[in-house]
Amino acid sequence: MEFLVASAIGVLTAAGLYLVMRLRTFPVIMGISLLTYAVNIFLFTSGRLTVSAPPILTDATTYADPLPQALVLTAIVISFGMTAVVVMIALGAYLGADDDAVNDIAPTDAGDSK
Amino acid sequence: MSLFLIVALPFVGSLLPGLMNSAGRNACAGVTFMITLTALVGLLTNLPAVLAGEVVQTGVTWLPDLGLNVTLMLDGLGFFFACLILGIGLLIITYGRFYLSRKDNMGEFFTYLLLFQGAMVGIVLSDNILLLIVFWELTSLSSFLLIGYWKHLPEGRQGARMALTVTGMGGLALIGGALILGNIAGSYDLSVILQNREAIQASPMYLPALILILLGCFTKSAQFPFHFWLPHAMAAPTPVSAYLHSATMVKAGIFLMARLWPVLSGTPEWFVIVTTAGLITMVLGAVIALFKHDLKSLLAFSTVSHLGLITMLLGTGTAFGAMAAMFHILNHATFKAALFMSAGIIDHEAHTRDIRRLGGLRKLMPVTFVIATLAALSMAGIPFLNGFLSKEMMLEEAERTVLFSSPYLVPALATFGSLFSAAYCFRLIGHTFFGPVRDDYPATPHDPPVGMWGPPALLVVIVVAIGVAPFLAEPFIKTVTASVLGDAAEVPKNYFKIWHGFVPALFMSIIAVVGGLIVMAIYKPLQAAWDATPRPEAKTIFEAVIASAVALAKALTHPLHNGAFTRYAAIFAITVIAISYHAWTTGTVGAPTRAVQPAGVVEIAGWALLVTATLGMVVLHRHRLLSLILIGIVGLMVSVGFVVFSAPDLAMTQLTVEVVTIILLLLALNFLPNRTPVESPVLMRMRDAGIAIVGGLATFALAFHYMLRDTVAPSISEFHIANSYKGGGGTNMVNVILVDFRGFDTYGEIIVLGIAALLIFALTEALLNGPVRARLLNRLPDQPRAGDMHPMMMVVMTRVIMPLVMLVGFYIFLRGHNEPGGGFIAGLVVSIGFVMQYMASGFAWTSSRLRYPYHGVIGAGVLVAGLTGIGSWFFAKPFLTSDFTYVRIPPFNEFELATAALFDVGVFLAVVGAVMLSLESFSRLARRAHVEDPEHPMDINPSRDDAPKAEA
């Protein structure tokens with residue numbers, strides 16, 4: 001089982017990295033989302049994998065580690081907020097420039113002033 | 001008056017001139033004057049204590065762990081400088097009121113002036129050397145604003161920038177020096193540092209500290225080779241020049257040298273560096289000043305020269321030298337401020353400061369003539385004026401100083417410098433005021449109103465008073481000198497007097513004055529020779545240095561930071577991989593401590609779905625809609641994974657977030673192109689794939705190793721498990737952690753979420769108010785729209801299940817504390833219920849039925865959560881301390897009431913508001929001009945007899 005989770009994290013990371021290095025905004029956002037999954041699962045596994053022992057107090061003796069779960073829960077919600085902001089920025093850039101390329105390779109000497 | 005108040009008054013008062021701006025120029029200057037006067041009077045109330053030799057101290061601890069405390073002290077030296085700063089400040093404010101024209105924003109000017117004044121007073125009253133540096137930097141910043149006050153003049157901006165660059169660099173060096181010094185002394189309090197002379201001078205770090213501190217002082221006080229910024233700062237309005245360069249800014253470096261004199265001086269290093277720098281500056285400044293045609297330039301270089309003189313006196317390291325330095329600071333401040341103001345008057349009335357275009361003003365401006373002449377003669381060192389006295393003391397000290405084992409070097413150079421000093425003073429008087437009256441002045445010169453000549457006249461009265469009766473200044477200067485010297489040396493017994501007998505200093509003085517007159521006589525050929533001599537131009541060199549620094553920065557930055565996001569991502573990935581590889585190879589890996597758990601069919605199936613969908617995304621990422629569907633599968637499988645691995649809360653959160661994320665991305669795809677074109681060459685894709693695969697393998701290896709080993713130290717989770725019910729009153733540990741143990745974190749997180757939503761709203765507003773608006777309104781959809789945009793079935797369905805969704809949300813919220821659920825998940829569920837209404841009946845129809853704006857909902861959420869936290873203060877508990885109790889209201893069973901639930905209400909509201917505000921913002925973009933908002937919830941309604949409108 002550990003192998004499955006670890007390889008899932010690896011695949012998500014690899015796919016996320018590849019997509020982040022694409023040239024248009026939408027695949028980059030998709031890549032960031034995949035990386036978010038990978039990071040969240042990785043954080044979650046820092047509590048190690050526990051089957052059938054949810055962190056709800058009962059008569060049981062072992063529980064899944066609640067701390068990483070609490071951290072990841074807020075991380076999921078925040079990542080929604082961040083995705084929304086990035087999408088909005090990408091959308092604004094596209095609507096403003098009629099171009100959704102992420103790279104802006106232009107001489108930057110214009111910013112200098114005397 | 002408390003020292004705190006004296007320092008704080010100018011800062012607090014700096015708000016007033018801006019507010020009084022509309023009340024008129026007199027009100028504006030008046031309030032500034034009163035603030036400064038109050039501070040000065042407050043300072044004077046401490047005079048008896050200072051004269052008695054006491055050190056007034058006050059302080060509060062600020063950051064004791066860093067050794068940074070707000071401690072202030074007032075001794076003779078601090079009092080002397082504070083008096084100069086505030087006293088001359090009063091004169092400058094009066095003068096500035098009449099100097100500035102109606103076009104200048106007076107509120108802005110006086111605000112900057114007060115900020116600067118406060119920073120200067122802060123420097124001279126600081127007891128803590130770190131606090132001193134804070135004020136030091138504040139003077140650099142506020143003087144930047146003052147020098148660049150005339151923003152429309154390029155010289156003003158360039159001069160301000162140069163001053164900031166040079167003094168800012170010096171400030172950096174000073175910080176380093178001060179930290180070393182504090183480290184040696186074991187405290188950053190000056191009162192402690194000053195007691196540690198032996199320890200500091202014996203330390204091997206003494207020389208680095210000395211050099212760094214002197215760099216700070218020399219840049220601030222315009223000592224060679226950093227003298228060049230001061231003349232360029234003359235582009236400032238004249239009141240600023242008079243203030244900064246007579247009594248304040250440039251004296252800050254001198255002040256610091258005097259302040260640290262007891263611990264730093266007396267060593268050969270100090271003597272050689274400081275005396276040499278001072279001597280060179282004095283001679284260089286005097287010679288250049290003679291050949292300047294601009295009155296303010298001439299005065300600027302003469303200031304450089306006099307600062308060199310004071311530095312040299314401090315450098316000799318003798319008590320007499322220090323006393324002479326203090327006396328000259330007073331004298332220089334008086335005559336130089338008067339001269340700057342006179343130059344300003346001439347500029348103001350004649351509309352030029354060029355000496356070549358002036359002359360003969362003696363008859364036209366008699367009052368200004370008397371003031372400027374007396375001040376200039378004092379600067380030249382003519383008897384019965386105060387400049388003579390301190391110059392005599394300087395020459396006497398120089399005559400005794402042996403530098404580089406030559407007894408003649410210092411006296412000869414000092415006399416040479418004084419000669420040129422006398423010469424430029426004579427030139428200033430002669431070429432400006434004497435000679436025939438001309439008929440080609442740019443404006444007709446006449447004496448200004450009393451408001452402008454009054455302040456310099458007052459200063460000249462002091463010049464003459466001290467010059468005639470030096471004993472007036474003697475006790476005060478000796479008190480100041482005593483606090484400079486500290487325990488390091490005794491105050492000299494010498495009396496201040498005009499006639500010392502036929503001593504060498506007198507002959508040197510006579511040589512200087514007579515020589516000055518001779519130089520004036522042969523001025524024309526000298527000027528011709530000077531103009532013919534090639535000289536390095538400081539400004540050109542400075543600009544070349546800046547340009548090369550910029551070029552170097554560009555050469556380093558541009559290859560890395562060229563605007564290509566793709567490249568940043570690659571560099572970032574490679575760096576992380578490389579660092580991880582390094583950590584992996586240099587660390588040791590322990591043996592596995594946990595067994596691999598077996599995987600069932602369901603897990604393997606889920607894994608296969610997730611991996612296939614992920615890989616599918618890579619292959620099909622050019623079809624944007626398809627990849628959106630695939631990422632839905634990935635998210636779903638992640639949720640399932642959370643279910644399998646005992647994280648019900650996470651599963652619910654992930655699932656609901658997934659829904660709103662997909663809706664959000666669909667809304668975005670509505671505007672973005674549906675396909676991604678093929679752009680990057682195959683090689684580039686291979687490179688990216690290589691990086692990605694290596695990164696994926698590394699993450700896999702790390703995660704796999706990680707999961708098979710226990711943590712090195714015991715986890716703090718045990719505490720939470722043990723206290724969840726006892727302390728938090730809930731059995732769902734995840735929820736208790738969120739709303740109770742780590743409530744503060746959650747509070748921060750809902751604020752972040754709210755800010756993200758507001759940011760999206762703001763961006764939408766910006767788009768809709770910008771040039772994009774027309775494009776959006778007239779946009780034609782790239783794909784055919786649905787014939788029935790608001791289908792009846794969907795409208796009916798969403799209406800029916802709306803109460804049900806609300807009920808589920810309510811239930812999930814209530815059970816949250818003990819069972820999986822809580823504010824986050826309930827908020828997401830309820831949001832989905834709302835979103836469905838938007839989807840069914842459209843943005844316009846739904847939002848017109850909205851009673852509370854979502855910003856308000858976010859705000860209410862944060863407010864509720866915050867107030868819950870504050871509530872615990874009323875029970876003398878820290879922020880967000882929770883409490884709970886069990887109540888029983890018949891006929892219900894006993895149930896729990898917890899303050900944490902109230903906090904969770906805040907979380908709930910913030911999540912609903914944030915999610916809805918972001919989605920709503922996206923849909924606002926979708927409105928188009930030629931499509932009217934529907935009046936009805938659905939387009940086709942059999943019970944209605946209106947004909948459906950055709951969509952354009």
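In this predicted model, A:Arg24 and A:Asp100 form a salt bridge, with 2.5 Å between the closest N and O atoms; the term denotes a side-chain nitrogen of Lys or Arg within 4 Å of a carboxyl oxygen of Asp or Glu. This pair links distant parts of the chain, 76 residues apart: A:Arg24 lies in the loop between α1 (2-20) and α2 (25-45) of chain A, and A:Asp100 in the segment after α3 (66-97) of chain A. Helices here are DSSP runs of H or I with at least four residues, numbered from the N terminus.

Are these two residues buried or exposed? A:Arg24 is buried at 14% relative accessibility, and A:Asp100 is buried at 2%. Buried means under 20% relative accessible area, exposed over 50%, and partly exposed in between, with a 1.4 Å probe and protein chains only.

A word on conventions: residues are numbered from 1 along each chain as its sequence is written, while chains are lettered from A and ligands numbered from 1 in the order in which they are written. Local features need pLDDT of at least 70, side-chain atom pairs count only at pLDDT 80 or more, totals for chains, interfaces and linings use all residues, and side-chain values use heavy atoms, leaving out hydrogens and water.

Over all chains, the search finds 17 salt bridges. In chain B, B:Glu396 pairs with B:Arg400 at 3.6 Å, N to O. Both belong to helix α21 (residues 386-400) of chain B, four residues apart, about one turn of the helix. B:Arg400 is partly exposed, at 46% relative accessibility. Elsewhere, shared partners join A:Arg24, A:Asp99, A:Asp100, B:Arg624 and B:Glu679 into one network of salt bridges.

I turn now to the contact between the chains. How many salt bridges run between chain A and chain B? The count is three. A:Arg24 also forms a salt bridge with B:Glu679, the closest N and O atoms lying 2.6 Å apart.

The contact, defined by heavy atoms within 4.5 Å, takes 84 residues from chain A and 115 residues from chain B. Together the two chains bury about 9100 Å², 76% of it on carbon and sulfur atoms; this is the accessible area (1.4 Å probe) that two parts lose on being put together, summed over both. A:Phe26, A:Arg48 and A:Phe80 supply 9% of the area that chain A buries against chain B, more than any other three residues.

Key:
Helix = DSSP H or I, 4+ residues; strand = E, 2+ residues; numbered from the N terminus.
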